[in-house]
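Here is a friendly note to read alongside the model. Keep the picture open and look up each residue as it comes up.

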Amino acid sequence: MKPRSLTSRLNNGIGSEMPNKVFSSIVGNNADLIYEVAKLYLRPGDRIADVTYGKGVFWRKIDTSKYEMFVSDLLTVPERLYDFRNLPYSDNYFDVVVLDPPYSHNPGYMIVDANYHNRETTKGFYHDDIIRLYRDGIIEAYRVLKPGGLLWVKCKDEIESGIQRMSHTDVRICAEDVGFFIQDFFVMVQSRRPVVQHHRQLHARKNHSYLWIFKKPTSAAEAKKHKKATVQYSIRHYCRGKAI
Ligand SMILES: C[S@@+](CC[C@H](N)C(=O)[O-])C[C@H]1O[C@@H](n2cnc3c(N)ncnc32)[C@H](O)[C@@H]1O
């Protein structure tokens with residue numbers, strides 16, 4: 001008998017319920033990504049702080065009237081020009097915080113800069129400065145999130161002076177260090193063809209980015225339970241030879 005193709009298996013067998021499921025990789029744009037993430041991680045009535053609102057692209061496919069939305073940005077929301085490192089909100093106030101800072105060093109060279117004015121907020125930044133920006137945003141998000149609240153962090157790896165800088169790993173380390181644990185992780189692959197800025201190619205052109213979903217533990221017991229999955233734990237127990 002002729003073996004059934006992958007497509008037919010997906011369409012017939014166990015795959016028949018798949019259209020309703022949320023997957024960890026998405027081909028599309030940021031609005032498509034957030035649409036999928038929201039299916040799993042937003043509930044009607046959630047109090048949400050988008051602290052890097054930009055142009056609100058994230059929310060283009062979402063009915064935001066279902067949520068209590070607090071949007072701010074250093075530049076693009078005139079009535080709330082808040083720095084995400086120092087927010088005017090009380091402790092333990094939000095169900096969800098969304099953080100999508102400028103993700104690349106030297107934004108003056110980035111073609112997307114025209115959309116987001118990144119040059120104005122991160123002029124002269126090196127990769128390490130970008131990660132410090134993330135770190136400070138993550139610390140402030142931890143403060144304003146309720147226990148059990150979620151932090152969504154968008155990031156993209158980059159190459160700086162010929163060196164691979166894995167922003168998604170840096171962000172993870174910062175978040176775990178602050179006290180979050182990983183709830184989920186999404187990879188978005190751009191559906192449109194990436195813009196090519198340099199003719200000589202030394203590394204694969206990055207046409208994917210990431211969204212971390214971190215959770216603020218509800219209790220010390222929950223934090224302890226997730227300790228084993230942290231980078232620090234892995235370094236101690238695998239890389240330095242202290243086998244468990
Ligand atoms: C990549 S864009 C965000 C795009 C947004 N998620 C959207 O859907 O349109 C980064 C944004 O971060 C803002 N920003 C940069 N530094 C900031 C800071 N310290 N505090 C608040 N916003 C900041 C910029 O003004 C810019 O709008």
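The points below go from the whole chain to a few single residues.

1. **What you are looking at.** This is a predicted model, in which local features need pLDDT of at least 70 and side-chain atom pairs count only at pLDDT 80 or more, while totals for chains, interfaces and linings use all residues. Residues are numbered from 1 along each chain as its sequence is written.

2. The pLDDT, the predictor's confidence in each residue from 0 to 100, averages 87 over the protein, and 85% of the residues score at least 70. Over residues 1-15 it is below 50, and this stretch has five contacts in the model beyond near neighbours in sequence. (Two residues are in contact if their C-beta atoms, placed from the backbone, lie within 7 Å.) Where pLDDT is low, the predicted coordinates should not be read in detail.

3. **The overall make-up.** The protein has eight helices and nine strands. These are DSSP runs numbered from the N terminus: helices are H or I with at least four residues, strands are E with at least two. Of the contacts with a separation of 6 or more, 69% join residues 24 or more positions apart.

4. **The sheet.** Seven strands form an open sheet in the order E1-E8-E9-E5-E4-E2-E3, with mixed pairing. Its edge strands are E1 and E3 (68-71), each pairing on one side only. From one strand to the next, the twist averages 20°. Two strands count as paired if DSSP finds at least two bridges between them; E5 and E9 pair in the antiparallel sense over six bridges.

5. **Helix H2.** How does the span of H2 compare with what 1.5 Å a residue should give? The 12 residues of H2 (residues 30-41) should span 16 Å, and the end C-alpha atoms are 16 Å apart, which agrees. (The expected span is 1.5 Å times one less than the number of residues.) The helix packs on the sheet, touching E1, E5, E8 and E9. Its buried residues are Asn 30, Leu 33, Ile 34, Glu 36, Val 37 and Ala 38. A residue is buried if 20 or more other C-beta atoms lie within 10 Å of its own, exposed if 12 or fewer, and partly exposed in between, with C-beta atoms placed from the backbone. What covers these H2 residues includes E1 (25-28), E5 (145-155), E8 (181-190) and E9 (208-215).

6. **The core and Trp 152.** The largest nonpolar core has 42 residues, and Val 97, Leu 99, Leu 151 and Trp 152 have the most contacts inside it. Such a core is a set of buried Ala, Val, Leu, Ile, Met, Phe, Trp, Tyr and Cys residues joined through C-beta atoms within 7 Å. Which residues does Trp 152 contact, leaving aside its neighbours within four places in sequence? They are Val 37, Val 96, Val 98, Leu 99, Leu 211 and Ile 213. Ile 213 is also the bridge partner of Trp 152 in E9.

7. **Two residues to check.** Asn 92 lies in the loop between E3 and E4. Its phi is near 55°, a positive value in a residue other than glycine. Ser 161, in the loop between E6 (158-160) and E7 (163-165), has a positive phi of about 50° although it is not a glycine. Asn 92 is partly exposed, with 13 other C-beta atoms within 10 Å, whereas Ser 161 is exposed, with 9.

Technical notes. Axes are lines fitted to C-alpha atoms, for helices over the stretch in contact, and angles run from 0 to 180 degrees between N-to-C directions.
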